Amino acid sequence: MIMMNKFVLQCLFVAFVGVFIEASTGQGSNRCEYPAIFNFGDSNSDTGAISAAFTGVHPPNGQNFLGSLSGRACDGRLIIDFITKELKLPYLSAYLNSVGANYRHGANFATGGSSILPGGYSPFHLGLQISQFIQFKSRTKILFYQNSFNNRTELPFKSSLPRPDDFSRALYMFDIGQNDLAYGFQHISEEQVRGSIPNILRQFSQAVQQLYSEGARIFWIHNTGPIGCLPLNFLSYKSKQGNLDANGCVKPQNEIAQEFNRQLKDKVFHLRRKLALAKFTYVDVYTVKYQLVSNARKLGFVNPLEFCCGSYHGYQITCGMKTTANETVYGNPCKNPSELVSWDGIHYSQAANLLIAKQILSGAFSDPRVTIRQACF
C-alpha cells in the first residue's frame, strides 16, 4: 500500500509538471531545435567519462539503466538524461569514452569529481574540459571536410560527428561548482570557502567567454545544489548542534552554497550584458532540490538523509564495494532505490533526478522564465 501511494503521488507530480511544460511551450509557434548539446560538469552529469578515464563505475550503479555500461553515479538516469529525452536527442556520449560513442548530436565533457578550479578531486577541471571541447570542435571540422586518403570515399565515421554549423546552434550546458565547495569544506575553513567564491566564478566566466569566442551562443547554466543536504555531509559534519535546519541539512554549508549561487547569478547577468549575441538561462537547481528534500515524505520518499548504496556508518564503503566485519556485510544496496532521494549519500537517485528534471524543464525556476525549448530566443 505504501509503495502504491508513493507511485501514485510521483505520477501525479510528474503529470502535473508535464502538463505545465506542454502549456508553456505551446504559447507560441517558436520552439528551439538544438542539433547538439555540449555539457560541462561533474558527476551530477557525467555519463561515463570518469569510468572511461580511470576505473569503471561498478554495479549496482546503473542497475536500472544500462547496467555495468552506465558509467553514471546513480542507480539509473541523471538529470541530463531526462533533458536530452525531452529534447528528443540521444543520450550524450562521454567525450572520453572510446567504446560505442556517438557524437552526432553533441558530447559530454563532464567528469566525476571535477571542479571549476584546478587542484580538486579530479584533474578534469573546467578549464581542461573547455580545452577538450576546443580540440574536439577543431578535429571534427577537419575530419568532416576531409576525404579518405584516395580522395574518393568519405570517412566512415562522419556520420557520428556533429555538422560544422551545429556548434553555433547547439545548447551549451553547465552543472559544476559543487566540488569547489565540497573540496574547500574538507581542507579550509568555511569562511575561507566563502572568500574563494569570487575567484572560482572568475574562472567560470573565462570558460564561458572562451566558448563564446568559439561560436557558442546558447547557454543553460545550473546553479549548485544544497550541498548541506547530502547525507554524507550531514554524517561527517562535526558541529551539528545549532547548525542543522528543520530538514537536518547543514545550515552553514547551504548558506555558502546560496552565496555561491547569488554571485553566480550576478556573473551570468554581467555575461549577458557583455556577450550581446548570446542567450543565457540561469536555472535555480538549488531551490528545486531543497524543495524535494523538504517535501520528500509527501512525495513518497523516506527520510531524505538516508541513502541506498554504500556505507558511512562506522565503515566507509563506496557504492559498488563491499566489506565484511563481525559477520556483517557493509555496502549492499537497498531493495527499492526509488524510495530514496539519495542514491549513495552524494548523488541523487533516478527517481529524484526525474522529479528534479521535470521541475527544471518547466521553466518555473529559470531566469529568464523560459522553458528549455525557448532558451534560444
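Here is a short tour, from confidence to core to cavities.

This is a predicted model, where local features need pLDDT of at least 70, side-chain atom pairs count only at pLDDT 80 or more, and totals for chains, interfaces and linings use all residues. Residues are numbered from 1 along each chain as its sequence is written, and side-chain values use heavy atoms, with hydrogens and water left out.

Start by colouring by pLDDT, the predictor's confidence in each residue, from 0 to 100. The protein averages 90, and 89% of the residues score at least 70. Now select residues 11–28: here the pLDDT is below 50.

Next, select F38, F40, Y172 and F219. They have the most contacts inside the largest nonpolar core, which has 80 residues.

Zoom in on F219. Which residues is F219 in contact with, leaving aside neighbours within four places in sequence? Among them are Y172, F174, V208 and F280, contact meaning heavy atoms within 4.5 Å.

Finally, select S43, N44, A73, L78, I79, K289, H347, Y348 and N353, which line the largest cavity. By class, this lining has four nonpolar, four polar and one charged residues. (Ala, Val, Leu, Ile, Met, Phe, Trp, Tyr, Cys and Pro count as nonpolar, Asp, Glu, Lys and Arg as charged, and the others, Gly among them, as polar. On a 1 Å grid over the protein atoms alone, a cavity is a set of points where a 1.4 Å probe fits but cannot get out; lining residues have an atom within 4 Å of a point.)

Note on methods: On a 1 Å grid over the protein atoms alone, a cavity is a set of points where a 1.4 Å probe fits but cannot get out, and a pocket is an open set with protein on both sides within 12 Å along at least five of seven lines; lining residues have an atom within 4 Å of a point. A nonpolar core is a set of buried Ala, Val, Leu, Ile, Met, Phe, Trp, Tyr and Cys residues joined through side-chain atoms within 4.5 Å. Buried means under 20% relative accessible area, exposed over 50%, partly exposed in between (1.4 Å probe, protein chains only).
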